[in-house]
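Have a look at it first.

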Amino acid sequence: MIRWFTGHPTAGNLLLLLFLAAGSFAAPGLLRETFPDFRAVEAEIVVPYRGAAAEDVETAICAPLWDGVQSVEGLETFTCTAQA
């Protein structure tokens, strides 16, 4: 194969043009992603509520957070620790 291309240098140039043309036809259809599809495995939310009792933190922070994350896809567990 190499011997044939060295004997016919025009064929090599034509093959190069064929590759360039095929690449220019394929380039607009290529899928380009800047950032990959990434889904976080876990998240941590820390909300300081100074001077409040644990029951106050439960009603003022944990309950609204639980209502807010109900629509999150793939949420398996939700843990809220209310401590004074």
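What follows covers the pocket and then the ring pairs.

This is a predicted model, so to speak of local features we need pLDDT of at least 70, and side-chain atom pairs count only at pLDDT 80 or more, while totals for chains, interfaces and linings use all residues. Residues are numbered from 1 along each chain as its sequence is written, and side-chain values use heavy atoms, with hydrogens and water left out.

The largest pocket holds about 1,000 Å³ of space. (On a 1 Å grid over the protein atoms alone, a pocket is an open set of points where a 1.4 Å probe fits, with protein on both sides within 12 Å along at least five of seven lines; lining residues have an atom within 4 Å of a point.) Its lining counts 30 residues, with Ala43, Glu44, Ile45, Phe78 and Thr79 nearest the centre.

Phe78 also turns up among the rings. The whole structure has two aromatic pairs, meaning Phe, Tyr or Trp rings (for Trp, the six-membered one) with centres within 6.5 Å; planes under 30 degrees apart are stacked, over 60 edge-to-face and the rest tilted. Trp4 and Phe5 sit with ring centres 5.3 Å apart and planes at 80°, so they are edge-to-face. Trp66 and Phe78 have centres 5.1 Å apart and planes at 50°, so that pair is tilted.

How open are Trp66 and Phe78? Trp66 is partly exposed at 39% relative accessible area, and Phe78 is partly exposed at 29% (buried is under 20%, exposed over 50%, partly exposed in between, with a 1.4 Å probe and protein chains only).

Terms used
Points joined across faces, edges and corners; volume = space filled by probe spheres on them.
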